Amino acid sequence: MTTNHSATAHHHSHHFDSAQHEYESDKEGIWLFMVTEILMFGGLFVAYAIFHQIYPEMFAEGAKQLSWKMGFFNTLVLIASSLTMALGIYYNQINKSNKAFWNLIATLVLAGIFLVVKYFEYASKFETGFLPGKFLNPETVGATSQNLGMYFGLYFCMTGLHGLHVVIGMILISWLAYRTKRGDFNANYYTPVEGVGIFWHIVDLIWIFLFPLLYLVG
Amino acid sequence: MGTASTNPNVNYLTEFSGIKSWLFSLDHKRIGLMYMIAILFFFLVGGIMAMLIRLELFSPGPTLFSADTYNQVLTYHGAIMVFMVIVPGIPAILGNFFLPLQIGAADVAFPRLNLASWYVFMFGAILAFTTLFTTKIDTGWTFYTPYSIKTGTAVITIVLAAFIMGMSSILTGLNFIVTTHKLRAPGMSMFDMPLFVWSLYSTAIIQVIATPVLGITLLLLVAERVLGIGIFDPKLGGDPVLFQHFFWFYSHPAVYIMILPAMGIISELISAFSRKTIFGYKAIAFSSLGIAAVSFIVWGHHMFVSGQSEIAGVIFSFITMLVGVPTAIKMFNWLATLYKGSVSFESPMLYALGFLFLFAIGGVTGIMLATLGVDVHFHDTYFVVAHFHYVMVGGTLMAIMGGFYYWFPKMFGKMYNEGLARLTFVLIFIGFNVTFFPQFILGAMGMPRRYFDYIPAYESLNKISTIGSWMIAAGFFLALYVIIRGIISGPKAPANPWGAKTLEWQTSSPPPHFNFDKKPTVTGGPYDY
């Protein structure tokens, strides 16, 4: 019924004046969506802040169980993936689809590495009994804080929701890589790449806050 | 009349046909109508629940069903009316339809996202309704912890449903903000926009900023039930009052999601039926933004007796009274618009005047409840019930009805029966006051809200209240008849039956698929009478 702007790169939807007009609108939409993402995580950060204030020892005990080395490694991985993502946008903007494609693939690989590391972290927590909430038995893990389950509840909720965003990001980046390969993007049209790029940077940014709060703050 | 269209027989309703042309339509007007059908159905269900509540309270003791059933009916009435009717109501139906038309755009900024929002909303709504057939919830629409953690009912399902409908609300808000910023017709500055657009814009800001917090709150409630993470559970060292803070951080701004667009409709109606430029355009526009801003810092007034600190109570009490300032600015500007206007009393205007009357009562009792000492006395009594029904029903529903009648000729290209439409106003307006005014008195006498039973001293006022609810129901059923009869056999409507000045009246009735045959250029203001 309406013209589909994704199929014809330099065209624009009927209700916009120009491709530039559509691009600016799309970008504003993406940023607004990012506002909602940050506010959603904001609720978790507020919960963290409140209970960290009430139970500092319990949080210190929980943080000690996490491997800061793995967390730090993952931080570097995500920062690197932000770079490759940015390059993926840049090369699409200057009509170098091939380079853009490989940078997107690199972003995917880095995201995959992040998830693999996360998997090992989760697995070791599960094995040693540091489960979320009521599944954590303070006696079997030898915890001094009776409500240590709250720390791991928050840990799994925060990193789990973030991990879900990483997975969604990977799906979107795969779609971008496919479309880059197909030659959909060029100097005149790269809105989806930039939009997903913004999303990906926000996902990285959230991790940059999660890492010190959960792993380092004792 | 109707000269705007080159072929007057082709419009958005007739250009495409078949069920698929609706279910896959990217046309904001059709999506608005799809919302209308869904929300009218939900309103019917929520309304039946309300009638059942009033019937049960007709006399003390078990009248119709058991106390447990009563709690369920009460919960569904609240949850359906809030999440499925009043929050989405005006933005999703009338906003979708008229926001692009009023700014001279061919569609919203993201038409596919708009359709997706409808599907997300429907998915959430259907998910919520499934709980009627599994285990009915009885937490009240606020899902307060710790009861919502302990109860063995389908809390997770309905909470996820509310989360999903919240996503739909966010996406609609996001769409409207970008549409307002980017798609205004050439020559239309932000201060040439109709005030309905301003109100939708302010509402959209709240939808985008507040709803994600509700989302995470509901997810945390799910985590609390599934994992027992303990942040809301006092047994595990958590704080149930934290849930209330999180919940009202969304749900208080949500009150303005419900009322702001209603105020926008009233601005349109008062100006159109006074045939006069709106008084204090900028003051009304900025007061919408003002209400949106203040709405985020008043949530604690729902929690005066929750055990939050006294100083917090005093501060929240003071800030809450500030809401009265932008609200009163609107009221006085509407009254000033009426002054020396050539006022006529068509049914939309009757609803607008009804709004002014009822909303004034709702607003002033709101200031009473904002007063800390008074609220401690009235908290959780029928006084509060009466107050928010005066605002939500007396305010928002009056505005929806007025808006429906006002824009009906544009939406369907037909006229409805004016005499019957006025009769619906009489029934609903009188019925509403008969139902809810006694509840102020009941509340002042100390009758607690949400209870299934009451002492005999409250009986006569409760009987009056229940009888009033029958009048409201009769009014709404009559309105449904007026609308259906109008759609089927109403006489053809001209392009601009009210002689209004905003852009939607410059195109044919109903509008063509792309709204305007020729993109309008704006040279004057929206209320140049």
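These are my notebook entries on a few things I looked up in this structure, which is a predicted model.

**Entry 1: where the two chains meet**

I began with the contact between chain A and chain B. I found 38 residues from chain A and 41 residues from chain B taking part in it. The area buried between the two chains is about 3,200 Å². I also looked up which atoms supply that area, and carbon and sulfur atoms give 73% of it.

**Entry 2: salt bridges**

Next I turned to charged pairs. Side chains of opposite charge can pair when their charged atoms come close. How many salt bridges does the rule find over all chains? The count comes to 11.

I looked up two pairs by name. In one, the side chains of B:Lys519 and A:Asp17 meet, with 3.3 Å from N to O. B:Lys519 sits in the segment after α16 (459-489) of chain B, while A:Asp17 sits in the segment before α1 (19-54) of chain A, so this pair joins two chains. In the other, B:Lys182 forms a salt bridge with A:Glu24, and their closest N and O atoms are 3.9 Å apart. The rule reaches to within 4 Å, so I could count this pair as well.

**Entry 3: two helices of chain B**

I then picked out a helix pair in chain B. Helix α12 covers residues 347-370 and helix α14 covers residues 382-412. Their axes lie 8 Å apart, and they pack at an angle of about 160 degrees.

**Entry 4: backbone details in chain B**

Last, I checked the backbone. I placed B:Pro146 in the loop between α4 (111-130) and α5 (147-150) of chain B. B:Phe143 belongs to the loop between α4 and α5 of chain B too. This residue has a positive phi of about 50 degrees, although it is not a glycine.

I wrote down another cis peptide bond, between B:Ser509 and B:Pro510, with an omega of about -15 degrees. B:Pro510 is found in the segment after α16 of chain B, and I had already placed B:Lys519 in the segment after α16.

Terms used: Residues are numbered from 1 along each chain as its sequence is written. Chains are lettered from A and ligands numbered from 1 in the order in which they are written. This is a predicted model: local features need pLDDT of at least 70, side-chain atom pairs count only at pLDDT 80 or more; totals for chains, interfaces and linings use all residues. Side-chain values use heavy atoms; hydrogens and water are left out. Axes are lines fitted to C-alpha atoms, for helices over the stretch in contact, and angles run from 0 to 180 degrees between N-to-C directions. Helices (H or I, at least four residues) and strands (E, at least two) are DSSP runs, numbered from the N terminus. Contact means heavy atoms within 4.5 Å. Buried area is the accessible area (1.4 Å probe) that two parts lose on being put together, summed over both.
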